[in-house]
Amino acid sequence: MEVDQGGGVAGDAMEVDQEEQMSKQFDLLLEQAQDLETSAPDKAPQAYKDIIFNKQELEDPNAKGREQAIYALGGFYVAQKRPTDISALTKELRPLFSDLPKAKTAKIVKTLIDLLAKTTESIHLQIELCID
């Protein structure tokens, strides 16, 4: 009788290491984008969008890195008092939403609506987002 001596465990450990490495790459890109918020605010949105649309073609099977970038960009727009940009972001994200599970898409959209609610006089944009 043959017994597998942990072959499955080594494969699982390798997958975890790869996921951690990808997560670190997304974290580094996210930090760079966050640094741009103060040093070059006009370039920060594009840096976030490069992460969101995965311009570097990093593996992100669960879309965690891209999801964090979406929330960070939304937060940046709130801090900059740019509600129309949050609304426009939801439209830009539509191609990405088709690749994500419905639950994750709903969570992202809800979070963006909540962020939009933090800006002044954005009720009409919130209504538009709900209708879309």
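Is K81 buried or exposed? K81 is exposed, because its relative accessible area is 69%; exposed means over 50%, buried under 20%, and partly exposed in between, with a 1.4 Å probe and protein chains only.

**Before starting**

This is a predicted model, in which local features need a pLDDT of at least 70 and side-chain atom pairs count only at pLDDT 80 or more, while totals for chains, interfaces and linings use all residues. Residues are numbered from 1 along each chain as its sequence is written, and side-chain values use heavy atoms, with hydrogens and water left out.

**Stop 1: the whole chain**

Display the chain as a cartoon. Its secondary structure consists of seven helices and zero strands, in the order α-α-α-α-α-α-α along the sequence. Helices (H or I, at least four residues) and strands (E, at least two) are DSSP runs, numbered from the N terminus. Of the 132 residues in the chain, 36% are buried.

Now colour by pLDDT, the predictor's confidence in each residue, from 0 to 100. The average over the chain is 84, and 83% of the residues score at least 70. Select helix α1 (residues 7-39), which has the lowest mean pLDDT among the elements, 74. Then select helix α3 (residues 64-79), where the mean is the highest, 94.

A contact means heavy atoms within 4.5 Å. Among contacts between residues at least 6 apart in sequence, 60% join residues at least 24 apart.

**Stop 2**

Select L73, in helix α3. L73 counts as buried because its relative accessibility is 0%. Which residues does L73 touch, not counting those up to four places away in sequence? They are P45, Y48, K49, I52 and L89.

Next, show the largest nonpolar core, which has 31 residues. A nonpolar core is a set of buried Ala, Val, Leu, Ile, Met, Phe, Trp, Tyr and Cys residues joined through side-chain atoms within 4.5 Å. The residues with the most contacts inside this core are Y48, I51, I52, I70, L73, L93 and L112. At least two core residues come from each of α1, α2 (44-52), α3, α4 (83-92), α5 (94-97), α6 and α7 (123-131). Helix α3 gives the most, with seven residues.

**Stop 3: the cavity**

Rolling a probe the size of a water molecule over the atoms shows where empty space is left. On a 1 Å grid over the protein atoms alone, a cavity is a set of points where a 1.4 Å probe fits but cannot get out, and a pocket is an open set with protein on both sides within 12 Å along at least five of seven lines; lining residues have an atom within 4 Å of a point. Grid points are joined across faces, edges and corners, and a volume is the space filled by probe spheres set on the points.

How many cavities of 30 Å³ or more does a search of the whole structure find? The search finds one. The largest cavity has a volume of about 30 Å³. To see its lining, select A63, R66, E67, I70, L96, L100, K104 and I108. Helices α3 and α6 (102-117) are the elements that give two or more residues to this lining, and α3 provides the largest share, three residues.

By class, the lining of the largest cavity has five nonpolar, no polar and three charged residues. Ala, Val, Leu, Ile, Met, Phe, Trp, Tyr, Cys and Pro count as nonpolar, Asp, Glu, Lys and Arg as charged, and the others, Gly among them, as polar.

**Stop 4: the second largest pocket**

Select T90, K91, R94, F97, V109, L129 and D132, which line the second largest pocket. This pocket holds about 170 Å³ of space. Helices α4 and α5 each supply at least two residues of its lining. The lining residues divide into three nonpolar, one polar and three charged.

**Stop 5**

Select Q126 in helix α7. Q126 counts as buried because its relative accessibility is 16%. Leaving aside neighbours within four places in sequence, Q126 is in contact with I113, L116 and A117.

Move to N54, in the loop between α2 and α3. Phi of N54 is near 55 degrees, a positive value in a residue other than glycine. N54 counts as buried, because its relative accessibility is 16%.

Finally, return to K81, in the loop between α3 and α4. Phi of K81 is also near 55 degrees, again a positive value in a residue other than glycine.
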